[in-house]
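Please find below a structural report on one protein chain. The sequence and the model come first, and the commentary follows.

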Amino acid sequence: MFSRAFSSGVQPVEIARKLAKEMDAHKTASVSRVYVPNEYTVWLAADDYGRFKDYETSLAQELSAHLLEHARRNEYDLLTRPVVGLDQDERLRLGEFGIQTRLVRPPQRQGAEPSQGEQGHTMVYSATQAEKAKSKRRPDTAYVDTRAIVSVDDRRYVLDGPSATLGRSKECDCVLEDPNISRKHAELRRSGQGDWQVVDLGSTNGVKVNGRRVSSARLSPGDEVTLGTLVFSFDIEQ
């Protein structure tokens with residue numbers, strides 16, 4: 001389960017962006033292919049779900065098409081066309097949403113052979129460019145996939161790599177509503193070893209790590225990062 005928090009209602013474009021990120025985050029590599037989930041459930045607060053209910057089917061189809069195109073661009077393998085469902089969770093507040101993913105194998109008719117399908121059917125793709133690049137790495141270089149955790153007051157943001165922007169702009173991966181924070185204030189960047197660093201993006205009020213002003217710095221779990229006057233706690237999720 002993954003969630004984001006906003007001061008206003010959830011927008012479909014933000015759901016689409018995070019669905020694509022969840023697809024990227026839940027890749028499963030086989031010998032020559034990289035499979036991604038084909039079923040997605042978007043959990044919404046009751047008020048947000050009510051806003052989408054009148055065109056729920058159309059929105060789900062649009063989100064499915066967005067994921068299908070994202071998979072094609074990245075040469076991911078899908079067992080079926082992505083299926084997106086919307087549901088509500090009373091525990092969520094307005095502006096919060098969760099995404100749950102599953103990789104579900106489709107039922108096959110007895111004696112049927114898998115084949116490459118048309119758009120909207122079972123898709124079979126070649127290995128991803130990322131997988132090819134991994135094969136060129138030295139054998140002793142291990143890639144570590146981690147997520148950054150940003151905790152602000154009672155909110156917890158789970159941020160996928162390889163980078164995530166922080167600031168007041170709604171285009172940021174982590175939206176921080178504070179007048180002392182620039183629209184795009186800083187960026188968290190993940191290395192191939194799974195550790196993270198924070199980089200100042202030319203903000204007005206700067207970035208501090210454990211009270212020390214920095215332009216960039218490697219972060220460790222438990223570090224306190226200050227953007228303007230807002231302080232958040234940093235952690236890493238394997």
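## Overall composition

The model is predicted. DSSP assigns four helices and 17 strands to the chain. The chain has 238 residues, and buried residues make up 44% of them. Its accessible surface comes to about 12,900 Å², with 46% of that area belonging to carbon and sulfur atoms.

Among contacts with a separation of 6 or more, 62% are between residues 24 or more positions apart.

## The six-stranded sheet

Six strands form an open sheet in the order S8-S7-S17-S16-S13-S14, and the pairing is antiparallel. Its edges are strand S8 (155-159) and strand S14 (212-214), each of which pairs on one side only. On average, neighbouring strands of the sheet are turned by 30° against each other, direction ignored. Strands of a sheet pair through backbone hydrogen bonds, in either a parallel or an antiparallel arrangement.

Strand S13 (residues 207-209) is joined to S14 by three bridges, and the two run antiparallel. Within this pair, Val-207 has Val-214 of S14 as its bridge partner. S13 also pairs with strand S16 (residues 224-227), again in the antiparallel sense and over three bridges. Here Val-209 is the bridge partner of Val-225 in S16.

S16 in turn pairs with strand S17 (residues 230-237) over four bridges in the antiparallel sense. Leu-227 is placed opposite Leu-230 of S17. The two strands S16 and S17 make a hairpin with two residues between them, and Gly-228 in the turn has a positive phi of about 65°.

## Nonpolar cores

The largest nonpolar core holds 24 residues. Those touching the most other members are Val-150, Leu-159, Leu-166, Leu-176, Leu-188, Leu-227 and Phe-232.

In soluble globular proteins, nonpolar side chains tend to be buried together.

## Helix H3

Helix H3 (residues 56-73) has 18 residues. From its first C-alpha to its last it reaches 26 Å, close to the 26 Å expected at 1.5 Å a residue. The buried residues in H3 are Glu-56, Leu-59, Ala-60, Leu-63, Ser-64, Leu-67, Leu-68, His-70 and Ala-71.

After H3 comes Glu-75, which has a positive phi near 55°.

## Ala-25 and its contacts

Which residues does Ala-25 touch, not counting residues up to four places away in sequence? They are Asp-145, Arg-147 and Asp-160. Ala-25 lies in helix H1 (residues 12-25). Arg-147 is 122 residues from Ala-25 along the chain, while their C-alpha atoms are separated by 9.1 Å.

Is Ala-25 buried, exposed or partly exposed? Its relative accessibility is 23%, so Ala-25 counts as partly exposed, given that buried means under 20% and exposed over 50%.

Methods. Residues are numbered from 1 along each chain as its sequence is written. This is a predicted model: local features need pLDDT of at least 70, side-chain atom pairs count only at pLDDT 80 or more; totals for chains, interfaces and linings use all residues. Side-chain values use heavy atoms; hydrogens and water are left out. Two strands pair if DSSP finds at least two bridges between them. Axes are lines fitted to C-alpha atoms, for helices over the stretch in contact, and angles run from 0 to 180 degrees between N-to-C directions. Buried means under 20% relative accessible area, exposed over 50%, partly exposed in between (1.4 Å probe, protein chains only). Contact means heavy atoms within 4.5 Å. Accessible areas come from the Shrake-Rupley method with a 1.4 Å probe; for residues, only the protein chains shown count as cover. A nonpolar core is a set of buried Ala, Val, Leu, Ile, Met, Phe, Trp, Tyr and Cys residues joined through side-chain atoms within 4.5 Å. The expected span of a helix is 1.5 Å times one less than its number of residues.
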